[in-house]
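Welcome! Take a moment to look over the protein shown here, then read on for a short tour.

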Amino acid sequence: MSIEIATVTAQQAWQQVQDNQAVLLDIRDLKNFSYRRPPQAFHLTNQSYGEFLDHYDYDFPILVMCYHGVSSLNVAHFLIEQGFDHVASVQGGFEGWLRAGLPYESDLQSE
């Protein structure tokens, strides 16, 4: 039986994060995450998964973001299999986030 993964738009994701109604997990590689990422995004990697489990309950809504909205579907499926109740993928990934004109932050200093 395949599980249908819910999706949200970048705008919906931003609103939910702003309202503290969900956590946004960014699964892109460290270089891209450090360069530009949504404010308040949690960088989910194999190494940070334990920290993620320490901070979020299985019933807290989770939004997964990747580059273009494809890989996030696999991670969302994995999280559902681990017992998380409310998991969705962000349509268009971080590219969709940028196209929507939503804010981002960076670890790089402005020039």
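## Surface and charges

Accessible areas come from the Shrake-Rupley method with a 1.4 Å probe; for residues, only the protein chains shown count as cover. The protein exposes about 6600 Å², and carbon and sulfur atoms supply 47% of that area. Keep in mind that this is a predicted model: local features need pLDDT of at least 70, side-chain atom pairs count only at pLDDT 80 or more, and totals for chains, interfaces and linings use all residues. Residues are numbered from 1 along each chain as its sequence is written, and side-chain values use heavy atoms, leaving out hydrogens and water.

What about charge? Lys and Arg count as positive and Asp and Glu as negative, while His and the chain ends are not counted; each charge is placed at NZ of Lys, CZ of Arg, CG of Asp or CD of Glu. The protein has 5 positive and 14 negative charges, and their mean positions are 14 Å apart.

## Overall fold

Helices (H or I, at least four residues) and strands (E, at least two) are DSSP runs, numbered from the N terminus. You can find 5 helices and 5 strands here, arranged along the sequence as β-α-β-α-β-α-β-α-β-α.

The C-alpha trace spans about 50 × 25 × 25 Å along its principal axes. A contact means heavy atoms within 4.5 Å. Of the contacts with a separation of 6 or more, 71% join residues 24 or more positions apart.

UniProt positions follow the numbering used here, with shortened feature names, and annotations may be inferred rather than shown by experiment. An unreviewed UniProt entry lists residues 18-106 as "domain: Rhodanese". That span is 36% helix and 16% strand, and its end C-alpha atoms lie 18 Å apart.

The UniProt annotation "active site", also from an unreviewed entry, covers Cys66. Where is Cys66 placed? Look in the loop between β4 (62-65) and α4 (71-81). Buried means under 20% relative accessible area, exposed over 50%, and partly exposed in between (1.4 Å probe, protein chains only). Cys66 is buried because its relative accessible area is 3%. Not counting residues up to four places away in sequence, Cys66 touches Ile27, Arg28, Ser71, Ser72, Gly93 and Phe94.

## Two loop residues with positive phi

Asn20 has a positive phi, near 55 degrees, and is not a glycine. Asn20 sits in the loop between α1 (10-18) and β2 (23-26) and counts as exposed, at 59% relative accessibility.

Gln40 also has a positive phi, about 70 degrees, and is found in the loop between α2 (30-35) and β3 (42-43). Most residues other than glycine have a negative phi.
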